[in-house]
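I opened the notebook to look up the overall build of this chain and then one of its strands. The structure comes before the entries.

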Amino acid sequence: MRRWNGWGDEAIEFALNEDALGFLAARIGNGSPVADASFEQACAQLGASRLPPHRLIDTSSETRLRNALGQSLPDWLKLRYGRIGPAPDGVAFPESGQEVRELINYARLYGVALIPHGGGTSVAGHLTVLDPFRLTLAVNTTRLCRLIHLDQQSQLATFGAGVLGPDLEAALRAHGFMLGHYPQSFEYSTLGGWVVTRSSGQQSLRYGRIEQTFAGGVVETPQGTLEVQAFPASAAGTDLRELVLGSEGRLGILTEATVRVSKVPEYEAFHAVFFPDWQQAEVAARELAQGRMGLSMLRLSNAVETVTMLALAGHKRLIGALETWLSLRGCRDGKCMLMIGASGGKIQAKAAMRAALGLCRRHNGVHIGRMMGDKWKQNRFRNVYLRNAAWQYGYAIDTVETAVDWSRVESMMHAVEGAAETALAGYKEKVHVYTHLSHLYAQGASVYTTFVYRLAGAYDEDLARWKALKHAVSSAIVDNGGTISHQHGVGSDHAPYLEAEKGAAGIAAMQAVFRHFDPEGLLNPGKLVPPQGLAA
């Protein structure tokens, strides 16, 4: 069963052994476990629903709570401490585009705000009710989940937008196809959520970000149905796909999405290479990305993330032997790990991997084979469960991500990490901070940073620490010329920093588009961009 106040399935645990706990304690101190509110206590925080009755709407406290928040750290604080705050007055579960249209008409009649809700995995505040005085309805799309059509000749598949990642891939693989979009949230996020937040999957180097695979779809808006046709390419004016991509529920509710799919690859492998230091590792990674070798994934961890992954891996004797061997090969305290993936036809994929490993050797990379790569693939969607385990021992984990060109990658990494350390030093706390490049391009890379720090044990104090950290690292991103989000979207958490990237004219243009489709401001109000005339 899905956890109501944490990540993923209740049956899945990511245990922290004594060595891992000692590792964290040595860096930031011992954590103090926090007593969590019970589900019943949290439900009791919700007032009575104010919605007029409707056949599609569930107004029970239990359902409202499970659809009230996402997975950002402020969401976790509200759930764990039982400080829920404003919540939807009800949750609807439409099973067709016509039922979505019915709910929009209901919202127009009663002035109800609609918050689209897919898998509930947002880490940017997309699902939060911002106005406690307004009637609000969460529209859960997960029953819009069937495979509607598969054109095997054109390699196009149309799904209900609420289909979850595993169900989408299972439906395609039954016919020998795949989408290949694997965000960290893959097991619980939806196709529609990927589209409207411009998601990126772990193997985007081969399969593309969601904007490369999204071919068209159907959006129900207050002004009518927007049908975006799928073409191989078009020069017919503005690409309407671009209005839907990244719209975060402000345009309307995406009910169907057509995506470009691929044949299941004949061969796939992931290899790990260690470099003596960041500088040599970054040069190798950049040359691999710019060499367009046909790889499916490149993921480069800095020295602190590398040592953290090794410390959390368990198998102490095996990891100790590996570190001794790497040390003899010149990879010591500052070593950085690069994960390389190759997918496709067996001959082509193996050739791409050989070429990549050859380039790494020229930059003093030490190849250790497939063992760590196989382990990474096995646990690729399990590492996020570390958030649950860390909380149990009194630690919070949060992340931030951006993207910059290659000339600013290293300086951005240092700026974000330094900003986090300074922010928490104001609370006389240390932070364990580390970074990896999660997606690589010819022109630059995403810079993805993780923060681990101690919980204070009080809601107001922990929220204040998060706000200080979030503002500091987001300001560092803006000041150093990065995008405020490479893959998590904007929501409410990143909205204050969006104008620095889009400019006043850009924000006004986005507001005008949303106002055209949603003149009464019913859809996800306050997210992504503020109402016209208000500063973010």
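**Entry 1: the whole chain**

I checked the radius of gyration, taken over C-alpha atoms with a globule rule of 2.2 Å times the number of residues to the power 0.38. For 536 residues a compact globule would have a value near 24 Å, and the chain has 23 Å, which agrees. I noted that this is a predicted model, where local features need pLDDT of at least 70, side-chain atom pairs count only at pLDDT 80 or more, and totals for chains, interfaces and linings use all residues. Residues are numbered from 1 along each chain as its sequence is written, and side-chain values use heavy atoms, with hydrogens and water left out.

I looked up the extent of the C-alpha trace, which is about 70 × 55 × 45 Å along its principal axes. I then found 19 helices and 18 strands in the chain; these are DSSP runs numbered from the N terminus, helices being H or I of at least four residues and strands E of at least two.

**Entry 2: burial**

I read that 57% of the 536 residues are buried, meaning under 20% relative accessible area with a 1.4 Å probe, protein chains only.

**Entry 3: strand β16**

I turned to β16, residues 395-405. Nine of its 11 residues are buried, so β16 is largely enclosed by the rest of the structure. Which strand does β16 pair with in the antiparallel sense? I found β18 (residues 444-454), with 11 bridges; pairing requires at least two DSSP bridges. Threonine 402 has valine 447 of β18 as its bridge partner.

Key
Buried < 20%, exposed > 50% of the residue type's maximum accessible area, 1.4 Å probe, protein only.
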